[in-house]
Amino acid sequence: MRILVVEDEKKVASFIKKGLEEQSYVVDTAFDGLEGERLASQTPYDAIILDVLLPKQDGVVTCQKIRHRGVSTPVLILTALGETDDKVRGLDSGADDYLTKPFHFEELLARVRALLRRKSQDKSALLQAGSLVLDPVTRKVEREGRQIRLTSREFALLEYFMRNKGQILSRANLAQHVWNVSFDMESNVIDVYVKLLRQKIDRGFDQPMLQTIVGAGYVLKDPDEND
Ligand code: CA
């Protein structure tokens, strides 16, 4: 899942980025409102964290503008303590939630997870596809009750597949949501990771879930659901 952090205080921005990266998210940062608007309009993010007090263009105006551009990515705004007006303006501008500074990172993380759930129909905290279950909080993965150990990148890849269950995902799409901007599309890294992931989630089970669609990409299918 790819997240944009728009925050001019570099220390805060890098603290958030580092924390989210430890949770296997891919994170881009912008340090003013205009840069935030530009990135949010160009890249299909899964969530945006937007500070209200920003140089060049404040967070509320930035949020309004990206909504006017048709970007429906969930937005969490960061407001200063006691600024009720900012919260109201933020939510009215099209933000989905707000968090007051200073905050505990765990709370930010819980709100980001809640935002990511908004995009999917399934509001449960656990991601499920057939007998495969991924818990974004504990970062545990199981199939038929057997625990599956994944590396950080494999976990990020599986989380993205599970949030987009049944959809064919191209390599370009996977690169945008699971790898960072410097990713080399010419390499076969994605195929290698999909293969590794497939070995871990499908090997030893009757029904393969992670399927290759020749010429199009990959899809994670719930064996219990017909399409
Ligand atoms: Ca700020």
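These legends describe close-up views of a predicted model.

**View 1. The two domains of the chain.** The domain assignment gives domain 1 (2-121) and domain 2 (126-225). Their C-alpha centres lie 26 Å apart. Twelve residues of domain 1 and 17 residues of domain 2 make up the contact.

**View 2. The parallel sheet.** Five strands form an open sheet, ordered β2-β1-β3-β4-β5. The pairing is parallel. β2 and β5 (97-100) stand at the edges. Each has a single partner strand, so one side of each is left without a neighbour in the sheet. Neighbouring strands are turned by 20 degrees against each other on average, direction ignored. Helix α4 (residues 84-92) packs on this sheet and touches β4 (75-79) and β5. The direction of α4 makes about 165 degrees with that of β4.

View 3. Strand β1 covers residues 2-6, and five of its five residues are buried. Both faces are covered. Arg 2, Leu 4 and Val 6 lie on one side, with Ile 3 and Val 5 on the other. Five bridges join β1 to strand β2 (residues 26-30), and the two run parallel. Arg 2 has Val 26 as its bridge partner in β2. Val 5 stands opposite Thr 29 in β2.

**View 4. The calcium site.** Three residues coordinate the calcium ion: Asp 8 (OD), Asp 51 (OD) and Leu 53 (O). The distances run from 2.1 to 2.3 Å. Along the chain, the donors follow the spacing D-x42-D-x1-L. Leu 53 has 58%, over the 50% limit, so Leu 53 counts as exposed.

**View 5. The largest nonpolar core.** This core holds 45 residues. Leu 20, Ile 49, Leu 108 and Phe 161 touch the most other members. Helix α6 (residues 152-163) gives the most to the core, with seven residues. The core draws at least three residues from each of domain 1 (2-121) and domain 2 (126-225). A second, separate core has 17 residues, including Leu 4, Leu 39, Leu 50 and Cys 63.

**View 6. The surroundings of Leu 108.** Leu 108 is among the residues that touch the most other members of the largest nonpolar core. Neighbours within four places in sequence are left aside here.

**View 7. The antiparallel sheet.** Four strands form an open sheet in the order β6-β7-β8-β9. Here the pairing is antiparallel. β6 (127-129) and β9 (146-148) stand at the edges. Each has a single partner strand, so one side of each is left without a neighbour in the sheet. The twist averages 25 degrees from one strand to the next. Three bridges join strand β8 (residues 140-143) to β9. Val 141 stands opposite Ile 148 in β9.

**View 8. Helix α6 across the sheet.** Helix α6 lies across β6, β7 (132-135) and β8. The helix runs at about 115 degrees to β7.

**View 9. Lys 200 and its contacts.** Lys 200 is found in helix α8 (residues 189-202). Its relative accessible area is 32%, between the 20% and 50% limits, so Lys 200 is partly exposed. Not counting residues up to four places away in sequence, Lys 200 touches Ile 148, Arg 149, Leu 150, Thr 151 and Glu 154. Among these, Ile 148 is the residue opposite Val 141. Met 1 is 199 residues from Lys 200 along the chain, yet their C-alpha atoms are separated by 20 Å.

How values were computed. Residues numbered from 1 in each chain as written. Predicted model: local features only at pLDDT ≥ 70, side-chain atom pairs only at ≥ 80, totals over all residues. Heavy atoms only, no water. Core = buried A, V, L, I, M, F, W, Y, C linked by side-chain atoms within 4.5 Å. Buried < 20%, exposed > 50% of the residue type's maximum accessible area, 1.4 Å probe, protein only. Domains from an automatic or database assignment. Contact = heavy atoms within 4.5 Å. Pairing = 2+ DSSP bridges. Axes fitted to C-alpha atoms, helices over the stretch in contact; angles between N-to-C directions. Donors = N, O, S within 2.8 Å, 3.2 Å for Na, K, Ca; no water.
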